[in-house]
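Me: I would like to learn how to read a structure such as this one, feature by feature. Could you take me through it slowly, with the general idea before each case?

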Amino acid sequence: MSRDFKQFREILANRNFTTYLSTYYLGGFSNFVQMFAIWSQVLRLSGHDPVALGIATMLEILPGILISPWAGLLADRMSKRTLLIICYILRAGTLFLMFLSTELWHLYLLAAIHSTFVSFGEPPHRAFLPLLVKSDQYVAMNSLLATMNNLWQIFRPALGGWVVFSFGSQTAFLVGMTLYLLAPLLLLLVKVHDRAANRSKAERSNSSMWQEVREGVAYIRTEPILIYLFVFMMLFTLCMGTQGTLTMLFVGQHLVPEDQASGAVGLLFSALGIGGLVGAFLTTLLVKRLPMLLLLFASLALDGVAVVVFAMSDTMTVAITCFAFFGIIGSVNQIVQDTLIQTIVPEHMRGRVYGAFGPITGPLSLLSVGAGTSLAAAIGTRAVFVICGVMEIGAVGICRLLPSYKQVRESLAEKIPQSTFHT
């Protein structure tokens with residue numbers, strides 16, 4: 001454990017990393033304020049209709065299906081920092097328009113536009129992170145990020161919920177816009193060697209965008225570990241896509257009065273952060289002792305059990321405990337996935353690999369949200385959460401029984417031996 005803290009200190013001593021982290025958290029808090037605000041505004045304008053909430057969420061998901069591959073390609077062709085700066089500024093403009101909106105269809109349209117800019121920023125962000133540290137610091141960096149994310153998660157949702165609850169959704173949009181405008185100012189201070197940013201015009205012209213898209217697809221198809229990881233993420237998304245959307249509705253129906261739902265959901269999401277802190281430290285120990293596939297399977301199965309317990313809860317105490325457990329599982333899952341991709345995928349391909357997640361998981365996320373919110377209107381949110389939990393447990397069995405399981409396990413043992421994490 002002392003060695004883990006030493007690695008954390010070394011990474012935090014890196015000025016580029018800490019500056020970028022500050023930028024990321026400003027944007028992240030703005031995202032949370034925007035999310036709570038749009039949920040609250042949609043529920044108010046629609047008369048607490050779960051289908052309206054589902055439509056808004058699906059419109060936020062849809063652009064990622066179409067945009068992510070091109071955003072990943074751009075991240076491999078040009079400066080990732082420049083892409084991120086542009087995305088922050090455009091998001092700020094979208095939130096200002098949300099502040100001016102008065103109709104439900106305005107929010108639907110703006111949710112889709114905002115999501116477009118978020119989708120453009122995600123592959124560059126994830127491909128930018130490995131450039132900030134040494135290759136032997138990937139696990140430590142991902143664990144530190146999970147630690148910081150979840151520490152921030154303790155306060156961020158509660159603050160976001162408080163802003164919306166105390167000042168209203170429209171004021172919350174202005175708060176988010178201001179933070180989005182501060183983020184790129186800090187990002188200008190980050191200086192790293194970005195191979196894509198230093199490509200000459202001749203290099204770009206010799207390789208067309210379409211050719212590089214095909215190269216990315218060909219690379220993914222020849223890497224069994226990535227294919228298996230995408231299958232895992234597809235099942236994961238199908239099971240979990242609707243859960244976040246329905247949380248506020250579930251809380252208002254079963255745990256607290258409807259007018260207190262924003263604040264209560266903020267507390268639940270803060271509990272995610274507390275659990276995530278535990279999960280971040282726990283993962284650094286688990287990856288030294290257990291195979292990565294086993295960690296992925298266990299995290300999904302245990303999450304399914306916790307979702308069923310949450311669905312049957314009728315007090316905030318039980319719900320908060322479940323969300324803390326979700327946080328532990330989420331940290332384990334995210335650290336393992338990011339470490340696998342960062343270790344296996346070469347720098348010039350990372351943007352396209354991360355960009356591939358959008359069109360692969362996006363349609364299933366739409367299906368999950370659409371089916372989940374529609375079912376909630378028919379059979380209630382409690383029943384939908386139970387179904388989701390059972391599906392997560394069943395998804396583990398599907399992953400284990402896939403014909404490629406043995407090949408992937410052997411490939412992982414060869415490319416990322418357990419001894420890697422003992423050095």
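Reply: Let us begin with directions: angles under 35 degrees count as roughly parallel, over 145 as roughly antiparallel, 65 to 115 as roughly perpendicular, and the rest as oblique. The axes are lines fitted to C-alpha atoms, for helices over the stretch in contact, and the angles run from 0 to 180 degrees between N-to-C directions. Helices (H or I, at least four residues) and strands (E, at least two) are DSSP runs, numbered from the N terminus. Before the cases, please note that this is a predicted model, in which local features need pLDDT of at least 70 and side-chain atom pairs count only at pLDDT 80 or more, while totals for chains, interfaces and linings use all residues. Residues are numbered from 1 along each chain as its sequence is written, and side-chain values use heavy atoms, with hydrogens and water left out.

Me: At what angle do helix H4 and helix H5 pack?

Reply: Helix H4 (residues 80–100) and helix H5 (residues 104–128) pack at about 160 degrees, and their axes are 9 Å apart. H4 and H5 are therefore roughly antiparallel to each other. For handedness, a crossing is left-handed if the near helix is turned anticlockwise from the far one by less than a right angle, and right-handed if clockwise; the crossing of H4 and H5 is left-handed.

Me: Which residues make the contact between H4 and H5?

Reply: Contact means heavy atoms within 4.5 Å. Among the residues that make this contact are Leu83, Leu84, Cys87 and Leu90 of H4, and Ala111, His114, Phe117 and Phe120 of H5. To sort such residues, Ala, Val, Leu, Ile, Met, Phe, Trp, Tyr, Cys and Pro count as nonpolar, Asp, Glu, Lys and Arg as charged, and the others, Gly among them, as polar. By these classes, the contact of H4 with H5 has 16 nonpolar, 4 polar and 3 charged residues.

Me: Is Ala111 buried or exposed?

Reply: Buried means under 20% relative accessible area, exposed means over 50%, and partly exposed lies in between (1.4 Å probe, protein chains only). Ala111, which is found in helix H5, has 0% relative accessibility and therefore counts as buried. Not counting residues up to four places away in sequence, Ala111 touches Ile38, Ala56, Leu59, Glu60 and Met98. The C-alpha atoms of Ala111 and Ile55 are separated by 9.9 Å, although the two residues are 56 residues apart along the chain.

Me: How many salt bridges does the structure hold?

Reply: A salt bridge is a side-chain nitrogen of Lys or Arg within 4 Å of a carboxyl oxygen of Asp or Glu, and the structure holds 2 of them. In one, Arg126 pairs with Glu122, with the closest N and O atoms 4.0 Å apart. An α-helix has 3.6 residues a turn, so residues three or four places apart point the same way. Arg126 and Glu122 both lie in helix H5, 4 residues apart, which is about one turn of the helix. Glu122 counts as partly exposed, at 36% relative accessibility, whereas Arg126 counts as buried, at 16%.

Me: What does Asp338 form with Arg126?

Reply: Asp338 forms a salt bridge with Arg126, and here the closest N and O atoms are 2.8 Å apart. Asp338 lies in helix H14 (residues 316–344) and Arg126 in helix H5, so the pair ties together parts that are 212 residues apart in sequence. Both Asp338 and Arg126 are buried, and Glu122, Arg126 and Asp338 are linked in a network of salt bridges.

Me: How do the axes of H10 and H13 cross, parallel or antiparallel?

Reply: The axes of H10 and helix H13 (residues 292–311) come within 12 Å and cross at roughly 10 degrees, and H10 and H13 are therefore roughly parallel to each other. Among the residues in contact are Leu229 and Phe232 of H10, and Leu296 and Phe297 of H13. Gln337, which lies in helix H14, is in contact with Leu229, Phe232, Met233 and Leu296, leaving aside its neighbours within four places in sequence. Gln337 is buried, with a relative accessible area of 4%.
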